[in-house]
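Subject: Structure for your review

Dear colleague,

Please find below the structure that I am handing over to you. My notes on it follow.

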Amino acid sequence: MSLGTEISRKLHDIADRDMVFMHICGTHEAAIARYGIRSLLPDRLRIVMGPGCPVCITPQGEIDAALDLVDRGCIIATYGDLLRVPGSRGSLESSGGDVRVVQGVHKAVEIAEGTDREVVFISVGFETTAPTVAATLLSHLPSNFSILSCHRLVPPAMKWLLEQGEAHLHGFMLPGHVCTVMGYSEYEQFPVPQVVAGFDPEDILLGLLMLARQVQEGSSRIDNAYPRAVCREGNMKAKEIMGEVFEPCDVEWRGFPVIPGSGLRLRPGFDQYDAQKKFDIEFRHVEKHSACICDKVLRGIAQPSDCKLFDRACTPRTPIGPCMVSHEGACKIWHTYRVKMR
Amino acid sequence: MCIAVPAEVIEKKEGNIAVVDYGDLKQEVRVDLVDVDIGEFVLVHVGFAIQKLSREEGLETREIFRQVYAAMEE
């Protein structure tokens with residue numbers, strides 16, 4: 001019997017009550033969908049996706065701010081995933097501006113080095129991405145380069161989800177790559193079962209088994225099922241570099257209200273690289289007016305197939321919500337694997 | 001964009017740059033965030049090595065990622 005089948009059988013034995021676990025990582029969702037892991041789970045055990053896709057949780061107001069920078073004639077550099085995310089007046093892709101896809105922030109700097117025009121990097125991402133931007137800002141940079149900081153931190157959002165309680169969660173599968181950088185000591189503040197899991201199907205099933213065991217025992221701790229890549233302290237060098245450049249701030253997430261301390265802004269010494277200050281750009285709150293339920297999907301209280309627009313009006317070619325845009329968005333992932341099943 | 005891929009460091013260059021091997025692709029990445037030597041495995045995210053991995057983990061994980069990405073590209 002394969003290891004996966006064995007773990008799946010144990011899960012069926014152990015799931016003697018309703019258990020809902022949330023993961024917060026686009027790569028976990030991709031692996032869960034790819035390997036059909038939900039079909040191996042007992043009926044009483046569910047795994048839902050939380051706000052684990054950094055592109056998806058970037059609110060419309062920040063996309064609008066990037067569009068304002070297009071209007072100012074700036075060259076915009078960012079990750080491909082962000083191009084089609086709808087703001088309130090179109091997307092970066094449809095803006096008609098000089099918008100360039102880059103692998104990372106260092107490539108945006110190379111663009112700035114080759115032009116006299118202003119280059120702004122739209123800097124989205126969690127604690128995996130923020131240190132790469134921080135390291136770049138600590139190196140020698142041309143004066144026509146700046147960033148629009150749209151970064152988010154995972155633990156404050158988890159705190160919000162737990163306090164809010166609408167998703168009725170029994171535990172969390174922590175974001176593996178974020179933990180690679182940050183470690184998991186920050187998560188020890190949360191009195192719920194948690195596990196750090198890897199990305200192969202057995203890893204994910206093992207993580208679920210560890211969570212289910214904690215629920216059954218009535219315990220709450222962090223089990224590390226991915227010790228080869230993740231240690232409690234994380235990557236100290238990356239954390240120090242990130243802390244030197246960024247400081248936490250209160251920001252809104254798409255689908256969430258303002259979450260205290262959940263964003264990152266540049267520290268005062270880095271004003272010259274702060275596009276918000278350089279171009280006097282504000283992040284405005286935008287009310288949602290469509291039938292899109294990405295907000296509920298991101299909070300773990302709905303799944304993509306609950307949405308009336310899913311795979312009908314909203315497809316990867318004609319996305320209405322951000323979760324259909326990014327490779328890590330739940331809707332895009334579900335669309336990809338449903339299509340494959342036909 | 002929040003995806004990270006394991007790769008082996010095969011060359012180190014000036015200015016916090018290393019050449020890594022993903023299996024069928026070699027690429028220059030930034031190594032500002034890790035202290036690595038040739039032959040070590042790193043996890044690469046948006047063109048930066050964000051953490052070191054054990055060799056065994058690197059090889060195993062690389063295969064899984066290859067399968068997941070192949071499916072997502074189809």
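The side chain of Q51(B) comes within 3.3 Å of the backbone oxygen of T180(A). Please bear in mind that this is a predicted model. Q51(B) belongs to strand β5 of chain B, residues 48-53. With a relative accessibility of 12%, Q51(B) counts as buried, because the cut-off for buried is under 20%. Among the residues that Q51(B) touches are A229(A), G234(A) and N235(A), as well as V34(B) and F41(B).

Chain A contains an open sheet of four strands, with the order β4-β3-β5-β6 and parallel pairing. Strands β4 (99-101) and β6 (145-151) of chain A are at the edges; each has a single partner strand, so one side of each has no neighbour in the sheet. On average, neighbouring strands are turned by 25 degrees against each other, direction ignored. Strand β5 (residues 119-125) of chain A is joined to β6(A) by seven bridges, and V124(A) has C150(A) as its bridge partner in β6(A). Helix α5 (residues 130-137) of chain A packs on the sheet, where it touches β5 and β6 of chain A.

The largest nonpolar core has 112 residues, and F121(A), L137(A) and F145(A) are among those with the most contacts inside it. Helix α3 (residues 60-71) of chain A gives the most to this core, namely six residues. At least three residues come from each of domain 1 (1-289) and domain 2 (294-341) of chain A. Another core, of 23 residues, lies apart from it and includes I14(A) and L211(A).

Yours sincerely,
A colleague

Methods
Residues numbered from 1 in each chain as written. Chains lettered and ligands numbered in written order. Predicted model: local features only at pLDDT ≥ 70, side-chain atom pairs only at ≥ 80, totals over all residues. Heavy atoms only, no water. Core = buried A, V, L, I, M, F, W, Y, C linked by side-chain atoms within 4.5 Å. Buried < 20%, exposed > 50% of the residue type's maximum accessible area, 1.4 Å probe, protein only. Helix = DSSP H or I, 4+ residues; strand = E, 2+ residues; numbered from the N terminus. Domains from an automatic or database assignment. Polar contact = N/O pair within 3.5 Å; in protein donor to acceptor, adjacent residues only side chain to side chain. Contact = heavy atoms within 4.5 Å. Pairing = 2+ DSSP bridges. Axes fitted to C-alpha atoms, helices over the stretch in contact; angles between N-to-C directions. Lists of a residue's contacts leave out its neighbours within four places in sequence.
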